Amino acid sequence: MKNFLLAFSFIFLTVGCNMFGYHNKPNNYTEQNINNWQEAYHHNLIPMYGRVKKSEEEQAIDKAFTNSELQAYHDTIIAAKHMARIGWYYFFHKKMDTAMFRFNQSWLIDSNYPASYFGFAAIREYQGLMNESEYYYKLAYMHDKSDTLSLQNLHTIADIKEQQHDTIGLIKAYERLFYKFPKDGNASAKLGYFYSTQHQPDSALKYYNISININPDYFQNYINRGWIYLKSGNVQKAIDDFSIAINKNSASISAYANRYYALMSVKRYREALEDINKCIELDPNASEFYLDRVKCKDHLNQK
């Protein structure tokens with residue numbers, strides 16, 4: 001009987017460790033409760049360590065850690081920035097517990113450096129704890145009087161979401177970036193593009209128009225907006241945008257290719273042929289241009 005109990009205890013412990021492990025992204029109440037339980041006993045899983053009063057032993061450990069970091073980097077901001085960079089690395093790899101450890105250490109080194117608050121906010125947002133996330137975003141903005149680091153960190157979050165192929169997450173991230181910095185043409189251009197991938201042309205056009213107003217010389221926005229017009233059946237507007245893109249960048253193969261595709265769609269083959277020839281001039285190894293030239297010449301009876 002004793003051996004049976006020992007065996008049962010061993011099974012419980014080994015299985016229980018997996019059952020009650022910390023969840024990077026809780027998907028239900030059970031997983032969230034497990035995380036709450038873990039955080040109650042492991043304060044390094046909570047932003048700013050939950051502001052708990054630490055024991056003398058814990059304070060001594062913290063002091064030894066911060067001293068070693070300052071000895072290595074000779075500056076609190078550089079040391080805090082280094083630890084936050086590690087936090088972003090683990091956030092990218094979706095290891096939220098380790099990311100939280102590192103952002104907490106960044107906060108421990110310098111609680112006035114904003115990166116740790118952005119890290120806390122991004123982790124809580126990823127975990128679906130939106131109220132907490134907004135709280136830490138506000139703290140981050142409050143600790144960055146110049147907005148320089150806010151711009152940098154918001155771009156970091158959006159870039160990570162893009163690299164993770166998290167379309168919903170990156171749209172949220174770029175929207176947050178755009179509403180904080182409405183003159184950031186990159187954010188509005190990204191929103192235009194990713195809304196178009198989600199088959200939301202009205203939102204895509206809205207942000208492309210904004211981006212073009214911010215940076216009227218960036219040719220790619222006209223190509224992207226023209227493609228939205230083309231898909232919606234507004235061929236002339238599409239051709240106009242592709243033409244503007246060509247005027248902005250006469251070496252853009254994409255601009256010529258899109259324009260000749262639009263021209264062919266309305267049987268303007270002679271004009272399309274000129275653009276196809278330009279594409280071949282710019283890229284003589286692309287076989288699709290020769291095939292389309294054959295199609296145009298066939299329609300023009302140029303056997």
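1. Asn 215 has a relative accessible area of 35%, so it is partly exposed. This residue sits in the loop between α11 (201-214) and α12 (219-231). Asn 215 and Leu 170 are 45 residues apart in sequence. In space their C-alpha atoms are 22 Å apart. Please keep in mind that this is a predicted model.

2. Salt bridges come next. The count is 14. One of them pairs Arg 176 with Glu 125, with 3.3 Å between the closest N and O atoms.

3. Glu 134 is partly exposed, at 32%.

4. A further salt bridge joins Glu 271 and Arg 268, whose closest N and O atoms are 2.9 Å apart. Glu 271 is partly exposed, with a relative accessible area of 37%. Arg 268 is partly exposed as well, at 27%. There is also a network: Glu 39, Arg 124 and Glu 132 are joined by salt bridges that share partners.

5. Now a helix pair. Two packed helices are described by the angle between their axes and the distance between the axes. The axes of helix α4 (residues 76-92) and helix α8 (residues 148-163) come within 10 Å. They cross at roughly 25 degrees. Angles under 35 degrees count as roughly parallel, so α4 and α8 are roughly parallel to each other. The crossing of α4 past α8 is right-handed.

6. Which residues of α4 and α8 make the contact? From α4 come Trp 88, Phe 91 and Phe 92. From α8 come Asn 153, Thr 156, Ile 157, Ile 160, Lys 161 and Gln 163. By class, the contact has five nonpolar, three polar and one charged residues.

7. Ser 116 deserves a look. It lies in helix α6. Its relative accessible area is 0%, so Ser 116 is buried. Leaving aside residues up to four places away in sequence, Ser 116 touches Phe 103, Ser 106 and Trp 107.

8. Two backbone angles are worth checking in the viewer. Tyr 49 is not a glycine, yet its phi is positive, about 60 degrees. Tyr 49 is found in the loop between α2 (29-41) and α3 (56-73). At 9% relative accessibility, Tyr 49 counts as buried.

9. Asp 147 is the other case. Its phi is near 70 degrees, a positive value in a residue other than glycine. Asp 147 lies in the loop between α7 and α8. Is Asp 147 buried, exposed or partly exposed? Its relative accessible area is 28%, so Asp 147 is partly exposed.

Definitions and conventions: Residues are numbered from 1 along each chain as its sequence is written. This is a predicted model: local features need pLDDT of at least 70, side-chain atom pairs count only at pLDDT 80 or more; totals for chains, interfaces and linings use all residues. Side-chain values use heavy atoms; hydrogens and water are left out. A salt bridge is a side-chain nitrogen of Lys or Arg within 4 Å of a carboxyl oxygen of Asp or Glu. Buried means under 20% relative accessible area, exposed over 50%, partly exposed in between (1.4 Å probe, protein chains only). Axes are lines fitted to C-alpha atoms, for helices over the stretch in contact, and angles run from 0 to 180 degrees between N-to-C directions. Helices (H or I, at least four residues) and strands (E, at least two) are DSSP runs, numbered from the N terminus. Angles under 35 degrees count as roughly parallel, over 145 as roughly antiparallel, 65 to 115 as roughly perpendicular and the rest as oblique. A crossing is left-handed if the near helix is turned anticlockwise from the far one by less than a right angle, and right-handed if clockwise. Contact means heavy atoms within 4.5 Å. Ala, Val, Leu, Ile, Met, Phe, Trp, Tyr, Cys and Pro count as nonpolar, Asp, Glu, Lys and Arg as charged, and the others, Gly among them, as polar.
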